[in-house]
Amino acid sequence: MAKIAIVTDSNSGITQAQAKELGISVIPMPFMINGETFYEEITLSRDEFYKRLADNADISTSQPSPDSIIQLWDNLLTTHDEIVHIPMSSGLSGSCQTAMMLAQDYEGKVQVVNNQRISVTQRQSVLDALILVQNGKNSSEIKEILEADKFNSSIYIMIDTLYYLKKGGRVTPAAAALGTLLRLKPVLQIQGEKLDAFAKARTVNQAKSIMMTAIKNDIEKRFGGVSEDNQIYLQIAHTQNEEAANQLKEELHEMFPFYPTYVDHLSLSVSCHIGPGSLAIACTKKLV
């Protein structure tokens, strides 16, 4: 049986410490802060990131360099036969296309998975890949299985402030000003490769209700129905909003008592564009 390495990036939310425990590799995402390059969890901690964000620093995200990816793959292939590389969604970053292009020189030894996942759903794909390795699947089979499953997840995100979306040019200043005046809490959705507007709420509680109802509808209409036999992974992600996230976990448990719920921070690459105070609910249909 081939020895297979699993690679992802820090958009998955998997920390370097967790990567060691899982036996995988996590590529840190680069950030430009006031013209200086930092790497998530290597030279930039989560606390430092939010401090810089609060200080109104000029922050932008970037792709891992091709050289860093090639070096990691070459090192892994000295001890492994094949690699499964699971980057963030191709619809949200160019890093997936870059990896796919680089993999062409590896004669099938590197399989890049383009399954439109990010954050907690990307993390679940990594965990699924590890199980598929244990089940004896090769890298090509794992890629095929994960990509065939790409639409079996949903993410809904409540934004606490429109300031960062305005700063990044994703909403107009006028729309941001109106939203702030009306104290709107926009709810966005990620379905497949796109991040789109979904609903507008006036309060956090209303936004949570919208997201919970949307997740329930997705499970009932797209993922086989709400039942103990139909296993679904529920995930909550947040940006500097841990208390609210844990409260939301309790509320989700009341609605779905037989589904496990995982809570984590949204990746810094996402947080850069939406700012602190957000809440997200995701669900992923159990694959293996």
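The expected span of a helix is 1.5 Å times one less than its number of residues. In this predicted model, helix H10 puts that rule to work: residues 242-255 make up its 14 residues, which should span 20 Å, and the C-alpha atoms at its two ends do sit 20 Å apart, so expectation and model agree.

Which residues of H10 are buried? They are Ala245, Leu248 and Leu252. These three cover an arc of only 60° around the axis, so they end up on the same side of H10.

Is Thr261 buried or exposed? With the cut-off for buried set at under 20% relative accessible area, Thr261 counts as buried because its value is 16%. Leaving out residues up to four places away in sequence, Thr261 touches Leu234, Ile236, Lys249 and Leu252. Leu252 is also one of the buried residues of H10.

Next comes the empty space. Rolling a probe the size of a water molecule over the atoms shows where such space is left. The structure has 2 cavities of 30 Å³ or more, and the second largest cavity holds about 40 Å³. Its lining is made up of Asp9, Ile27, Met29, Pro64, Ile69, His85, Pro87 and Ser95. Sorted by class, that comes to 5 nonpolar, 2 polar and 1 charged residues.

Then there are the pockets. The second largest pocket has a volume of about 150 Å³. What lines this pocket? The residues are Ser25, Val26, Ile27, Pro28, Pro30, Tyr39, Pro64, Ser65, Ser68, Ile69 and Leu72. Two or more of these lining residues come from each of strand E2 (25-27) and helix H3 (66-76). By class, the pocket lining splits into 8 nonpolar and 3 polar residues, with no charged ones.

Definitions and conventions
Residues are numbered from 1 along each chain as its sequence is written. This is a predicted model: local features need pLDDT of at least 70, side-chain atom pairs count only at pLDDT 80 or more; totals for chains, interfaces and linings use all residues. Side-chain values use heavy atoms; hydrogens and water are left out. Helices (H or I, at least four residues) and strands (E, at least two) are DSSP runs, numbered from the N terminus. Buried means under 20% relative accessible area, exposed over 50%, partly exposed in between (1.4 Å probe, protein chains only). The arc is that of the directions from the helix axis to the C-beta atoms. On a 1 Å grid over the protein atoms alone, a cavity is a set of points where a 1.4 Å probe fits but cannot get out, and a pocket is an open set with protein on both sides within 12 Å along at least five of seven lines; lining residues have an atom within 4 Å of a point. Grid points are joined across faces, edges and corners, and a volume is the space filled by probe spheres set on the points. Ala, Val, Leu, Ile, Met, Phe, Trp, Tyr, Cys and Pro count as nonpolar, Asp, Glu, Lys and Arg as charged, and the others, Gly among them, as polar. Contact means heavy atoms within 4.5 Å.
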